Amino acid sequence: AIGGEKIMFSEHLGLAEIQKGIRAGRYLQGTILISRENYLEANVSVRDQERMIFVQGLQNLNRAVNDDVVAIEMLPESEWSCPSSLVLAEDESMDEEDEMNRINDSEALVSNKVPKELRQPTARVVGIIKRNWRQYCGILQPSIIKERTRHLFIPAEKRIPKIRIETRQAETLSSKRIIVAIDCWPRNSRYPLGHFVRCLGEVGDKDTENEVLLLEHDVPHSNFSEAVLSFLPKMPWTITEDDLKRRRDLRHLNICSVDPPGCTDIDDALHCRLLDNGNYEVGVHIADVSHFIRPGNALDQEAANRGTTVYLTDRRIDMVPDLLSSNLCSLRSAVNRFAFSVLWEMTPEAEIVNCEFTKSIIDSKASLTYAEAQMKIDDPNATDDLTQSLRGLNRLAKILKKKRIDNGALSLASTEVRFFVDSETNDPIDVQVKELRETNSMVEEFMLLANIAVAEKIQQDFPDCALLRRHPPPPKSNFDPLIKAATSKGFQIDVTCGKGLADSLDKAVVADNPYFNTMLRIMTTRCMMQAVYFCSGMLQPADYMHYGLATPIYTHFTSPIRRYSDIIAHRLLAVSIGADASYSDLLDKTKIQVMLVLTERACANNLNFRHKMAQYAGRASVNLHTHLFFKNRIQDEEGHILFVRKNAIQVLITKYGLEGTIFLTSDSQKTSTFVYNEETDTQTAGDVTLHVFDPVIVQLSIDRSNVQHMKLSLKLVKPVVPGFSVPPASSLTPATCESSSQMQKPPQKRKKV
């Protein structure tokens, strides 16, 4: 015991002993990643090892916090385990004793020896090499004793444990979002100890919640400094005679852009025209951002630090100032703009005859939405040059896509939603799954083609320092949940190669469940590894492969307004064709790699890290607006079971593209209505059995049991399980549904975001 208090955790080894053990092969070093579904489970990413090492249980985690660099010791193979199928989150209302009882109960559920064929390499944490703690946003856990000064803080990030702090402001802070920092985690404490940093604002306030998600995902979002703004072009900006001499004038071409509604940062535009020899000239024209952002100045450094534009549901956090992103760089229609163009001559069968790169001046003839471009293509009465250009692009894109798919490229699925917001309050009043048209695919095909062409060019001319993007093939074990789910419906999934996987997915069709194939592709998406940027000189060419696109080489070139990686690719290409001068850092593979590779969370100037955090922030924003949308609603919707867990089912709501969890037991229940069959991956209650992919009716509402941390609640309506299912929303009393009925007819003033 320490000072009379019970010791809960093993002592961490010292750094000298850890280093000695790593050299001897007794310990391994890696970054710990706590599960988002079960805070008592984690994986450790060990360098040069394809498969992650599994860690399970409070004692084996041994005070490691998500993102820490840890030393682990492998357990004997007889003690190896696997993820438990339990969905487990720290309960906001539990005190320490209740929490420990819950942990003991959950660990007892998984204490039985795991069958040998399911075991994964499993370890325990023996030491901390580097703490990667940061400041955390969250709320105080409500306390019955108002005079208490010791309180538990509940982080917004589910993978971070509760933090014990001391404060006399608890009553004032009870309805606030606050920031807390960790100081230490003693062996005799269930939770780390920390301190209050500052208050952000009221819980539930949209501006406060937006601030939380930006801070939690480390998104730089302060106003651009005067030093940065000083490097912007002076207005009014004009094209000079010298500019005309240095660029190819393409203003006579029928170029247009095709983007989502409301897009102002237009990176790309396209054209297609028939040549005298029967072939086509196709052009992809990309905003020439690198002309305005010169290497090394304050504007360049700020763009490099931000790394990417972040798109939230109701706002955009720009990588570069608005004068560039929405004006001078944006390829808007009816204005002269600088572009970096990729021009191909193609046969009618989309075979490339030649490819050319040039700095250019363009004058876009139209800024179209995907829907507007589709209407032009489909209108039999439209015969103007711009429409003919779009039809040519669309026809060639279909051929290019078929070639990619035949080559083994994957067509995966994810759920994206669009919110309609009140034009005065900016609150969400309707939500729909985004509709994809042929024109979405048309633009995508030519962006892919341009990115591949640029990757080949810069790697050819700069084999040691080209900035490329790779997508590693997933370890076979990643596909286990997918294979198990498909097998339950009688389908075999070939995961030996991308082509085999793509063909298997194409064949997996259930006639009476048209959504089955989409769900299978969503599950496949989750088996994938993260695509990453890298420097060509750091890897062998065999490792350049982009698994998802089935291409041996790839980069990002087509979105320089919103991605700094593309600016680097532009600079390399400009030097390659003699359109710009080089500079020392551009051709230094070590400096490029330092910018790209995330070695620690503290490495802020990192494109892979920024790219990943931007994706997470976007998802968190959708989640926030989903909560706002359902705040005053109770409604039933059709869903499909995506995963069956030991204590829950995870459901995809088809209409909204949302996912939620229905817990089949609670902490107050020692027995469940349902019985889980791990072999068949089913939950059974009476004569009702729930399988993966089964259709269900669920009731959506906001769980207000904790006003400080409202959650989207899913309850089972159908199939009817006596004592568990809830009645349909239509049968609820008028008082219960009053707010919901008022919200069913949204105001006429609305806008898409």
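This is a predicted model: local features need pLDDT of at least 70, side-chain atom pairs count only at pLDDT 80 or more; totals for chains, interfaces and linings use all residues.

A: Helix α15 covers residues 498-507 and helix α16 covers residues 516-525; the two pack at an angle of about 155°, and their axes are 9 Å apart. Because of that angle, α15 is roughly antiparallel to α16; the cut-off for that word is an angle over 145 degrees. If you're wondering about those two values, packed helices in general are described by the angle between their axes and the distance between the axes.

Now zoom in on the side of each helix that does the touching. From α15 come L501, L505 and D506, while α16 brings N517, L520, R521 and T524. Sort these residues by class and you get 3 nonpolar, 2 polar and 2 charged. Have a look at the numbering, too: L501 and L505 of α15 are both in the contact, and so are N517, L520, R521 and T524 of α16. Here's a handy rule for reading lists like that: an α-helix has 3.6 residues a turn, so residues three or four places apart point the same way.

Next, a helix with a lot around it. The buried ones are A298, L299, D300, E302, A303, A304 and R306. What do they pack against? Their partners are α6 (226-229), α8 (289-292), β16 (316-317), α10 (322-328), α17 (564-576) and α19.

Rolling a probe the size of a water molecule over the atoms shows where empty space is left. This structure holds 3 cavities of 30 Å³ or more.

The largest cavity has about 150 Å³ of space. It is lined by 17 residues, and Y39, L61, A64, P161 and W185 are the ones nearest its centre. That lining divides into 11 nonpolar, 1 polar and 5 charged residues.

Let's also stop at two single residues. T347 sits in the loop between β17 (336-346) and β18 (352-363). Is T347 buried or exposed? Its relative accessibility is 15%, so T347 counts as buried. Apart from neighbours within four places in sequence, T347 is in contact with N279, Y280, V353 and L396.

K401 belongs to helix α12 (residues 385-406). With 32% relative accessibility, K401 counts as partly exposed. Again leaving aside neighbours within four places in sequence, K401 is in contact with S441 and E445. K401 and F446 are 45 residues apart in sequence, and their C-alpha atoms are 9.6 Å apart in space.

Finally, step back to the whole chain. It has 20 helices and 32 strands, and buried residues make up 52% of its 753 residues. Among contacts between residues at least 6 apart in sequence, 69% join residues at least 24 apart.

Conventions:
Residues are numbered from 1 along each chain as its sequence is written. Side-chain values use heavy atoms; hydrogens and water are left out. Axes are lines fitted to C-alpha atoms, for helices over the stretch in contact, and angles run from 0 to 180 degrees between N-to-C directions. Helices (H or I, at least four residues) and strands (E, at least two) are DSSP runs, numbered from the N terminus. Angles under 35 degrees count as roughly parallel, over 145 as roughly antiparallel, 65 to 115 as roughly perpendicular and the rest as oblique. Contact means heavy atoms within 4.5 Å. Ala, Val, Leu, Ile, Met, Phe, Trp, Tyr, Cys and Pro count as nonpolar, Asp, Glu, Lys and Arg as charged, and the others, Gly among them, as polar. On a 1 Å grid over the protein atoms alone, a cavity is a set of points where a 1.4 Å probe fits but cannot get out, and a pocket is an open set with protein on both sides within 12 Å along at least five of seven lines; lining residues have an atom within 4 Å of a point. Grid points are joined across faces, edges and corners, and a volume is the space filled by probe spheres set on the points. Buried means under 20% relative accessible area, exposed over 50%, partly exposed in between (1.4 Å probe, protein chains only).
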